[in-house]
Amino acid sequence: MAATAAAEVRYGIVGVGMMGREHLHNLAHLAGEVERAEQLVRVRVTCLADPHPESLRLGLRLADELGLPVPQTFSGHCELLDSGLCDAVIVSSPNMTHYQILMDIISHPKPHHILVEKPLCTTVQDCQKVVEAAKQRSDILVQVGLEYRYMPPVAKLIDIVKSGTLGQVRMVAIREHRFPFLVKVNNWNRFNCNSGGTLVEKCCHFFDLMRLFAAANPVRVMASGAIDVNHKDEIYDGKVPDIIDNAYVIVEFDNGSRGMLDLCMFAEGSRNEQEISVVGDIGKVQLRRCF
Ligand SMILES: NC(=O)c1ccc[n+]([C@@H]2O[C@H](COP(=O)([O-])OP(=O)(O)OC[C@H]3O[C@@H](n4cnc5c(N)ncnc54)[C@H](O)[C@@H]3O)[C@@H](O)[C@H]2O)c1
């Protein structure tokens, strides 16, 4: 069937740091008319919100370079929501801001669809409150940007596991040996109270994948981690960072399968930065991200 007249989706971005600007790149790829479900959809970015003037400046500059001029900026998400300028909001602000921003979007009289960067929130309780609030708004779609699922090699691995080639998945092992956390605007990622901690900030991707591969929910977690090498000589407002830089985590799932994470964040230059192996009762698949 031929595509019909173009609809328009107007995006706003809340938080225009590293990831907000990555989303600008992604939206630039969609900015022409894309055909979705037999309808032409035109994508525009109509506004950015960020309290940090330098982030807004960099965001506007990038948007211009991408041929995606953004007509309006705001210093906070409330003005963005009240402006009525967008239909969908990408939340790419620091983790500790997600809860309030999400609740404000979900409770706003004008419906706005949401793509929120991982993690949804920094505590389980806040996540549950957001999920409950979102359930009351059948007119909006809320999605968490767990992007690892969509990386082509991982997507392929998910397909292989789902096809049953490995049989019943019994073990999922994920190793990440990488460089330390990058510097962020106002160094928010140096403290557990802002990020939710290393295992939330960095490893939510991996726990999400374990759940997908195991096709089950976790029932028991054992973990050991420490602050051994990174950020020990940094001080912000008189405080030394409190985030762990290495850990082993074992997760048991309700169907009897097990996951294991091996994280080291002082292993820059490792040949395989990330490795995933999924073992079923009749087969095994391994994936390595090499540099
Ligand atoms: N998908 C991934 O793999 C991935 C990778 C890195 C970061 N992230 C996530 O993306 C989010 C942003 O991380 P980042 O690396 O871009 O950080 P960043 O520090 O580079 O950018 C955050 C931006 O948000 C702004 N900000 C702070 N408070 C705000 C508020 N109340 N309202 C609006 N903007 C606000 C800051 O001024 C800054 O410009 C985090 O949730 C992080 O966990 C995801």
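Trainee: What should I know before I start?

Mentor: Residues are numbered from 1 along each chain, as its sequence is written. The model is predicted, so local features need pLDDT of at least 70 and side-chain atom pairs count only at pLDDT 80 or more, while totals for chains, interfaces and linings use all residues.

Trainee: How many helices and strands does the protein have?

Mentor: Start with the rule. Helices (H or I, at least four residues) and strands (E, at least two) are DSSP runs, numbered from the N terminus. Here there are nine helices and 13 strands. The C-alpha atoms fill a box of roughly 60 × 50 × 40 Å along the principal axes.

Trainee: What does the radius of gyration say about this protein?

Mentor: The radius is taken over C-alpha atoms, and the globule rule is 2.2 Å times the number of residues to the power 0.38. With 291 residues, a compact globule would come near 19 Å; the protein has 21 Å, which agrees.

Trainee: Which domains does the assignment give?

Mentor: Domain bounds come from an automatic or database domain assignment. In this case they are domain 1 (4-145) and domain 2 (148-290). Their centres, taken over C-alpha atoms, are 26 Å apart. Nine residues from domain 1 and 11 residues from domain 2 make the contact. Two residues are in contact if their C-beta atoms, placed from the backbone, lie within 7 Å.

Trainee: Which residues are closest to the ligand?

Mentor: A residue is near a molecule if its C-beta atom, placed from the backbone, lies within 6 Å of it. The ligand is surrounded by 26 residues, and the closest are Gly 15, Gly 17, Met 19, His 52 and Ser 55. Helix 1 (18-30) and helix 4 (95-106) are the elements that give two or more residues to this shell. Helix 1 has the largest share, three residues.

Trainee: Why does the ligand lie between the domains?

Mentor: Domain 1 and domain 2 both give residues to its shell, so the ligand lies between them.

Trainee: How do I read strand pairing?

Mentor: Two strands pair if DSSP finds at least two bridges between them. Take strand 8 (residues 169-177). With strand 12 (residues 272-280), strand 8 pairs in the antiparallel sense over seven bridges. There, Met 171 stands opposite Val 279. With strand 11 (residues 258-264), strand 8 pairs in the parallel sense, over seven bridges. Arg 175 has Asp 262 as its bridge partner in strand 11.

Trainee: Where is the cis peptide bond?

Mentor: It joins Lys 118 and Pro 119, with omega about -15 degrees. Pro 119 sits in the loop between strand 6 (113-117) and helix 5 (124-135).

Trainee: And what is the phi of Asn 187?

Mentor: Asn 187 is not a glycine, yet its phi is positive, about 55 degrees. Find Asn 187 in the loop between strand 8 and helix 7 (192-195).
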